Amino acid sequence: MAVDKLVDSTQLDADLTSVANAIRTKGGTSASLAFPADFITAIAAIPSGGGGGLDCDYGTYTPSSDVLEASVTTTKARKWLLLWAASLPGTADRIAWAVGTTQYGGQKGAYAYANSSLAYTAVNSVTSCSFSSTTAKVKPHTSRKFASGTTYNWIAWGG
Amino acid sequence: MIFYKQVEDGYIIAIGESLGGVEISEAEYGEIMSVISAKPPRDGDTDYRLREDLTWEAYTVEPEPEPDLDGDEIAEILLGGVPE
């Protein structure tokens with residue numbers, strides 16, 4: 001049985017705004033930032049090293065088979081992870097997660113599918129995210145999986 | 001950019017850009033990505049996993065348990081439906 005939870009869009013919007021504010025502060029700009037392209041562009045424009053760049057790790061994750069849990073490696077222990085699919089088949093939108101040590105909502109869209117139907121569906125929450133030293137592991141909600149061959153972008157910060 | 005592959009029990013679980021797993025060259029990353037993009041589709045209970053030699057191995061997928069929903073989650077689904 002494929003099921004979903006409601007999206008807590010208020011919480012997600014607040015979290016994304018806090019990330020955008022941090023990016024704007026570090027980047028010395030007040031420009032509006034649309035997720036995810038402007039986030040990426042703004043972060044890339046921030047000088048690194050002695051320039052006082054945003055302290056974050058980022059990368060991609062592409063599973064070879066459908067997996068229940070994604071694992072990414074950071075340079076140091078982090079507190080927050082934002083992960084989203086670069087592209088998805090069909091009509092699915094992109095998904096964003098603002099993930100800390102507790103469950104948060106995701107944005108309207110889809111990133112995975114239920115085993116039983118193989119149909120891409122709206123997904124809205126994360127079952128768990130755990131940080132252990134330089135490893136962050138994320139599980140989608142309710143038996144959904146990260147889709148084989150789909151590239152997921154991620155940014156981790158804090159800590 | 002650093003590229004990596006995650007290997008477990010002789011199977012490539014995932015690849016990516018950043019730290020993590022076994023560091024590989026960009027050329028190897030591209031090669032593995034091409035293979036992943038051509039993954040045979042799942043057929044019923046038969047799915048495929050990627051060996052380190054970049055060949056696909058068929059295996060039988062074990063049935064997964066039904067989701068364990070609490071009352072609040074059930075109520076949300078019944079009252080609010082599923083967002084698009």
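Me: What makes two strands count as a pair?
Reply: Two strands pair when DSSP finds at least two bridges between them. Keep in mind that this model is predicted.

Me: How do you know that strand β1 of chain A pairs with strand β2 of chain B?
Reply: Two bridges join β1(A), residues 56-63, to β2(B), residues 11-17. At least two are needed, so the strands count as a pair. Their sense is antiparallel, and Pro63(A) has Ala14(B) as its bridge partner in β2(B).

Me: What makes β1 and β2 of chain B a pair?
Reply: Here six bridges connect β1(B), residues 3-8, with β2(B). The requirement is at least two, so these strands pair as well. They run antiparallel, and Tyr4(B) stands opposite Gly16(B) in β2(B). The two strands form a hairpin with two residues between them, where Asp9(B) takes a positive phi near 55°.

Me: How do you know what span to expect for helix α1 of chain A?
Reply: The expected span is 1.5 Å times one less than the number of residues. α1(A), residues 9-27, has 19 residues, for which 27 Å is expected. From first C-alpha to last it reaches 26 Å, close to that value. Just after the helix, Gly28(A) takes a positive phi of about 65°.

Me: Which residues of α1(A) are called buried, and why?
Reply: They are Leu12(A), Asp15(A), Val19(A) and Ile23(A). A residue is called buried because 20 or more other C-beta atoms lie within 10 Å of its own. Seen down the helix axis, these residues fall within an arc of 80°, so they line one face of α1(A). An α-helix has 3.6 residues a turn, so residues three or four places apart point the same way.

Me: What makes a residue on the other face of α1(A) exposed?
Reply: The cut-off is 12 or fewer such neighbours. Thr10(A), Ala14(A), Thr17(A), Ser18(A), Asn21(A) and Thr25(A) are the exposed residues on the face turned away from the buried side.

Me: What does the largest nonpolar core contain?
Reply: It has 34 residues, and those with the most contacts inside it include Leu82(A), Tyr152(A) and Trp154(A). Strand β3(A), residues 80-85, gives the most to this core, with six residues.

Terms used
Residues are numbered from 1 along each chain as its sequence is written. Chains are lettered from A and ligands numbered from 1 in the order in which they are written. This is a predicted model: local features need pLDDT of at least 70, side-chain atom pairs count only at pLDDT 80 or more; totals for chains, interfaces and linings use all residues. Helices (H or I, at least four residues) and strands (E, at least two) are DSSP runs, numbered from the N terminus. The arc is that of the directions from the helix axis to the C-beta atoms. A nonpolar core is a set of buried Ala, Val, Leu, Ile, Met, Phe, Trp, Tyr and Cys residues joined through C-beta atoms within 7 Å.
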